[in-house]
Amino acid sequence: MMKVISTATWLMLLILAGCSDASPYAEEPSAQERTITLNLDITTRADELLPDNSEPDIIQLWIFDNNENLITYVVSSQNVWTPVGTDGIDIKTTLQTEIEAENIDVKQSLKIYLLLNQPYTDDGKGSTAPVDFSDVKTLDELKGKMFVLTEYKGDNKVPMTGEGTAEFPSVEGNKIIFDTSINATRCVAKLELYCTKRTSSSKLIIKSFTLNNVPDKGYLFTPVDNDIIDYTKNRDLLSGNSGGVTIATSYTTELPTDIESVKSSFTKIDFDNPYLLENTYGDEQFVTEIVNPGMRYNLTVKYNFNGSDYEQTIYLPKIERNTWYKLYMRMKEIELDTYCQINSWTEHEMEVPAFE
């Protein structure tokens, strides 16, 4: 089977600016004469076949001085992304911006915060609206911004954030150039569900999957206070399959430790939105014990096995951003075998295509 090794860019965006051999601070021009420029090469992992509109939509940057005072805010939506690399999977764009020079001590570092794509928030009227950043004047205000889950059109369309430090600029005449790199990660997790039967001759129909204790919002940057998040919402994952999903696959022997090796014996359950907001209540790994049952994600599955209806509740592990969770289930009457594979959205071996 053809394999592809996805690189660390699967997990994150790598932002690099070109370097210069000029010595830092050499004959530094006065603030009135100098021009401070930040050139960013932005690279991210696209879908396997580079479908139309697979690129991030918008780039936003906040640049702070060493005392966390906001220097400038940059937004760009007219970005041309082009394939790079031998496999044509990575895509790249270049962003150049000039920074107000008068009040900047270039011998100090700059703090740069990145946001890709447009996040949305609850407008209080039963709908959503773009997150408003016009009131951001401090770093704390930026880190306090939250967003809600919406229907995204692909893995490169979800909100992605990152932060980095620019220091030791090079000087070329009256031009001061900062070089930096930023790793930006997706602000959501991804969930995939797989089901199979323990006996090949039996009949199995998945009637519903309901995700419980769903947070109503999440932080764009590092969470600072989970107390203001409501964990009481539910999501019906099979709302578009009122007749249920019939499972024809089976795996009758003991499940191996490497569950991916028998993935073809499971049926993938398709649902509209595979992305999850963070819910840090739960365990590091998948276990059956109940910890914080009123706060952590749990999944209720209702199914019909050989004409009889059953219901099971599965408690998920801690759900963290930029993490990919694959939940495997094998049914036989009242028994349910479960296995959760947890991958960071990073380097790991997977079948082609990367995303279906």
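## Aromatic pairs

A search of the whole structure, which is a predicted model, finds nine aromatic pairs. Rings of Phe, Tyr and Trp (its six-membered ring) pair if their centres lie within 6.5 Å; planes under 30 degrees apart count as stacked, over 60 as edge-to-face and the rest as tilted. One of these pairs is F64 with Y113, which is edge-to-face, at 5.8 Å centre to centre and 90 degrees between the planes. F64 belongs to strand β4 (residues 59–64) and Y113 to strand β8, so this pair ties together parts that are 49 residues apart in sequence. Strands here are DSSP runs (E, at least two residues), numbered from the N terminus. Both F64 and Y113 are buried, where buried means under 20% relative accessible area, exposed over 50% and partly exposed in between (1.4 Å probe, protein chains only).

The ring centres of F266 and Y328 are 5.1 Å apart and the planes stand at 80 degrees, so this pair is edge-to-face. F266 is in the loop between β20 (245–247) and β21 (267–269), while Y328 is in strand β25, so the pair ties together parts that are 62 residues apart in sequence. F266 and Y328 are buried. Ring pairs also link W62, Y73 and F133 into a cluster.

## Strand β25 and its partners

Strand β25 (residues 323–332) has nine of its ten residues buried, so it is largely enclosed by the rest of the structure. Two strands pair if DSSP finds at least two bridges between them. Strand β16 (residues 189–197) runs parallel to β25 and is joined to it by eight bridges; C195 has M329 of β25 as its bridge partner.

Strand β26 (residues 335–344) runs antiparallel to β25, with ten bridges between them.

## Charges over W324

Two lysines are placed at the ring of W324: the charged end of K190 sits over it, 5.3 Å from its centre, and K326 lies over its face at 4.5 Å from the ring centre. A charge sits over a ring if NZ of Lys or CZ of Arg is within 6 Å of the ring centre and within 35 degrees of the ring normal.

## Strand β17

Strand β17 (residues 204–214) is mostly covered, with nine of its eleven residues buried. Three antiparallel bridges join β17 to β20, where I205 stands opposite T246.

β17 also runs antiparallel to β23, to which eight bridges join it, and to strand β19 (residues 233–236), with three bridges. T210 has T300 as its bridge partner in β23, and T210 stands opposite D236 in β19.

## Positive phi in two loops

Most residues other than glycine have a negative phi. N117, which is not a glycine, has a positive phi of about 75 degrees. N117 is in the loop between β8 (110–116) and β9 (120–122), and its relative accessibility of 0% means that N117 counts as buried.

N306 is also a residue other than glycine, with a positive phi near 55 degrees. N306 is in the loop between β23 (298–305) and β24 (308–315). N306 is partly exposed, with a relative accessible area of 47%.

## Basis of the values

Residues are numbered from 1 along each chain as its sequence is written, and side-chain values use heavy atoms, with hydrogens and water left out. In this predicted model, local features need pLDDT of at least 70 and side-chain atom pairs count only at pLDDT 80 or more, whereas totals for chains, interfaces and linings use all residues.

Terms used: Helices (H or I, at least four residues) and strands (E, at least two) are DSSP runs, numbered from the N terminus.
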